[in-house]
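Subject: Structure for you to look through

Hello,

Here is the structure I promised to pass on. Please open it and keep it in view while you read my notes below.

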Amino acid sequence: MNLDLLVVFRNYIESLGLYAKSYIGNLEYDESISIQALPGGVKTLFYDGTRDQTYNVQVAAKSKNQLNCLNSLDTILGSLTIINDLPSMNGSYQFVDVNIESPPTFIGQDEQGYFIYQLSCTVRMLIKKGAI
């Protein structure tokens, strides 16, 4: 069974009705929102094989209109601060909580005039032995 956290996270962001489609991986060539797993995280292994694990997740937004990026990332940030559950679709993890690590931050502007902003968070979950 594969860990479906990024798929669930992307589906959640899609449900917010933002200005652009969201993707797992890199930003697209035009207006888009991306969700990526970043290196790092903390893992605690328990005697029964269960893991308490955090994943670092980055959400980036790209648009020629800076307000699209800022407003969308602010919406995502606000919704993540009050989220109670982000349940796995395949039972690969049990959601514990999410913490914002960095608020929406300007990254740069590309050659085509698109602005890029990002926010970072950590998602903590329990993974039962043999789940992935």
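A residue counts as buried under 20% relative accessible area and as exposed over 50%, with partly exposed in between. So Phe106, with a relative accessible area of 42%, is partly exposed. Please keep in mind that this is a predicted model.

**The rings**

Start with the aromatic side chains. The structure holds two aromatic pairs. Phe106 and Phe115 form a tilted pair, 6.5 Å centre to centre, with 50° between the planes. Phe106 and Tyr117 also pair, this time edge-to-face. Their centres are 5.2 Å apart and their planes make an angle of 65°. This second pair links distant parts of the chain: Phe106 is in strand β5 and Tyr117 is in strand β6, 11 residues apart.

Are Phe115 and Tyr117 buried or exposed? Phe115 is buried, at 14% relative accessible area. Tyr117 is buried too, at 7%.

**Strand β6**

Next, look at strand β6, residues 115-127. Of its 13 residues, 11 are buried, so the strand is largely enclosed by the rest of the structure. Which strands pair with β6? One is β4 (residues 51-63), which runs antiparallel to β6 over 13 bridges. Find Arg51 there: Ile127 in β6 stands opposite. Another is β5 (residues 94-109), also antiparallel, joined to β6 by 11 bridges. Here Gln109 stands opposite Phe115. β5 and β6 form a hairpin with five residues between them. In that turn, Gly113 has a positive phi of about 90°.

**The core**

The largest nonpolar core has 28 residues. Phe9, Ile13, Val59, Ile76, Leu86, Tyr93 and Val123 touch the most other members. The elements giving two or more residues to this core are α1 (5-14), β2 (32-38), β4, α2 (66-82), β5 and β6. β6 gives the most, with seven residues.

Pick out Val59. Beyond its close sequence neighbours, Val59 is in contact with residues including Phe9, Ile13, Ile33, Leu73, Ile76 and Tyr117. Then find Leu18, in the loop between α1 and β1 (22-24). Leu18 and Val59 are 41 residues apart in sequence and 13 Å apart in space, C-alpha to C-alpha. Among the contacts of Leu18 are Ile13, Ile33 and Ile76.

Lys62 is in strand β4. Is Lys62 buried or exposed? Its relative accessibility is 7%, under the 20% cut-off, so Lys62 counts as buried. A polar atom of its side chain lies 2.8 Å from the backbone oxygen of Glu28. The charged end of Lys62 sits over the ring of Tyr114, 5.0 Å from the ring centre. Lys62 also touches, among others, Tyr19, Asp30, Cys69 and Phe115.

Ser32 lies in strand β2. Ser32 is buried, with a relative accessible area of 0%. A polar atom of the Ser32 side chain lies 3.0 Å from the backbone nitrogen of Glu28. Ser32 touches Lys62, and also residues including Tyr19, Lys21, Tyr23 and Ala60.

One last stop is Lys21. Its charged end sits over the ring of Tyr23, 5.8 Å from the ring centre.

Best wishes

Conventions:
Residues numbered from 1 in each chain as written. Predicted model: local features only at pLDDT ≥ 70, side-chain atom pairs only at ≥ 80, totals over all residues. Heavy atoms only, no water. Buried < 20%, exposed > 50% of the residue type's maximum accessible area, 1.4 Å probe, protein only. Helix = DSSP H or I, 4+ residues; strand = E, 2+ residues; numbered from the N terminus. Pairing = 2+ DSSP bridges. Polar contact = N/O pair within 3.5 Å; in protein donor to acceptor, adjacent residues only side chain to side chain. Contact = heavy atoms within 4.5 Å. Core = buried A, V, L, I, M, F, W, Y, C linked by side-chain atoms within 4.5 Å. Phe/Tyr/Trp six-rings, centres within 6.5 Å; stacked < 30°, edge-to-face > 60°. Lys NZ or Arg CZ within 6 Å of the ring centre and 35° of its normal. Lists of a residue's contacts leave out its neighbours within four places in sequence.
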